[in-house]
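Student: Could we go through this structure together? I would like to start with how the chains meet.

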Amino acid sequence: MSAHVSAVAGTLESNDILVTISSTGGSANSVSLSSIVISQFGPAIRAVIDQCLEASGLSGVEVTVQDKGALECTIKARMETAIARYKEKM
Amino acid sequence: MRNRTFLFMPGNNPGMLASAQCLGADVVIFDLEDAVARQEKDAARNLVSHALKELRPQGVGITVRINGLDTPFWQADMEAVVEARTNFVMVPKMERAEEVQQVAEAIEAARRKFGVQEKVEALVIVETPMGLENVYAIASASPLLRGILLGAEDFTAAMGAQRTAEGAEIAYARSRLLTACKAAGVLAIDTPFPFVSDLEGLEKDAAFAVQLGFDGKAVISPHHVHRVNRAFVPAPEKINWAKRVMAAARLAEAEGKGAVSLDGMMIDLPIIKRAERILLLADV
């Protein structure tokens, strides 16, 4: 059984987003999203997260996302950074 | 593109990156170096890259200050920002002409790698005693070099000097860097004024930079931008004089005269160059 791996990118400051990726030990991925603009942009934010996760090739991870009003380019950047940091630790 | 103000912005702050085009600076500098902690270099590089690709600030020149050639970060920084089509790559702590050539080769290699058609030029910072000693060689090292910024904080620290609002401790550095840049035909960019809340001192410092002949000045606070921009705009009477000089010069040329006078003063090449600079600064 592999050790638990976790990686973080971003902040909880305004206009930013905090992404945490943790290993679950299973094979499926899960995403937990909270956002200050969830009612207006929740589906769009979720779509960007899903695209980044799919492109990463990761499996068996839980992605926890706390959004503070990040633009799409920031969401992508933070996701990519968290994914790269996670892969470095694998 | 005008070059009066070069505004430093931290490269890992999404809110500030998004506001880049609204702050009035002619050029913004997204900083991957001093403003970013070592463990956040990757995050800042990714953020700046995505911001440039997807949020392209309009009406403003884009520079990214990458990490120095003596760090393990600079090559990844260079590739990311050239791919994202920055206008300029700014490289700190230049000390020798060979380093400028290394930077120029890296820019061109990155352009080839990512098929970037747009021109990407280099701005470098001279901020050490050795860099100042070699500043003309640095200024004339590559056609890709667009300008040099004097980094007075590191420079005065290395000299053991005290940094003051009056700036006597950087008088020689300013003059030497300025002369080298003018001789080499590249932009001379003055150091930022570091005392953020001293706006009167800022205005005096900016006016002095203009008097010396600097082409622009770096700023570290959005509150400084409009004051420095204003310092670089010539007075209306100077603009009017410059327009009349250029009109007289054009008339002389049309009539095949070698020289012409205006208000009893001979209009020769130095006068025309001064008038051109005034009109350039006035954006007329």
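Student: Which side chains meet in a salt bridge?
Tutor: The side chains of B:E54 and A:K76 do, at 3.5 Å from N to O, where a salt bridge is a side-chain nitrogen of Lys or Arg within 4 Å of a carboxyl oxygen of Asp or Glu. Please keep in mind that this is a predicted model, in which local features need pLDDT of at least 70 and side-chain atom pairs count only at pLDDT 80 or more, while totals for chains, interfaces and linings use all residues. Residues are numbered from 1 along each chain as its sequence is written, chains are lettered from A in the order in which they are written, and side-chain values use heavy atoms, without hydrogens and water.

Student: How many salt bridges are there between chain B and chain A?
Tutor: The count between the two chains is three.

Student: And how much area is buried between them?
Tutor: About 1,100 Å² is buried between chain B and chain A, and carbon and sulfur atoms give 51% of that; buried area is the accessible area (1.4 Å probe) that two parts lose on being put together, summed over both. B:P14, B:H50 and B:E54 supply 38% of what chain B buries against chain A, more than any other three residues.

Student: New topic: is B:I148 buried or exposed?
Tutor: B:I148 is buried, with a relative accessible area of 0%, and buried means under 20% (1.4 Å probe, protein chains only).

Student: What is B:I148 in contact with?
Tutor: Leaving aside neighbours within four places in sequence, its contacts (heavy atoms within 4.5 Å) include B:V124, B:L177 and B:C181.

Technical notes. Buried < 20%, exposed > 50% of the residue type's maximum accessible area, 1.4 Å probe, protein only.
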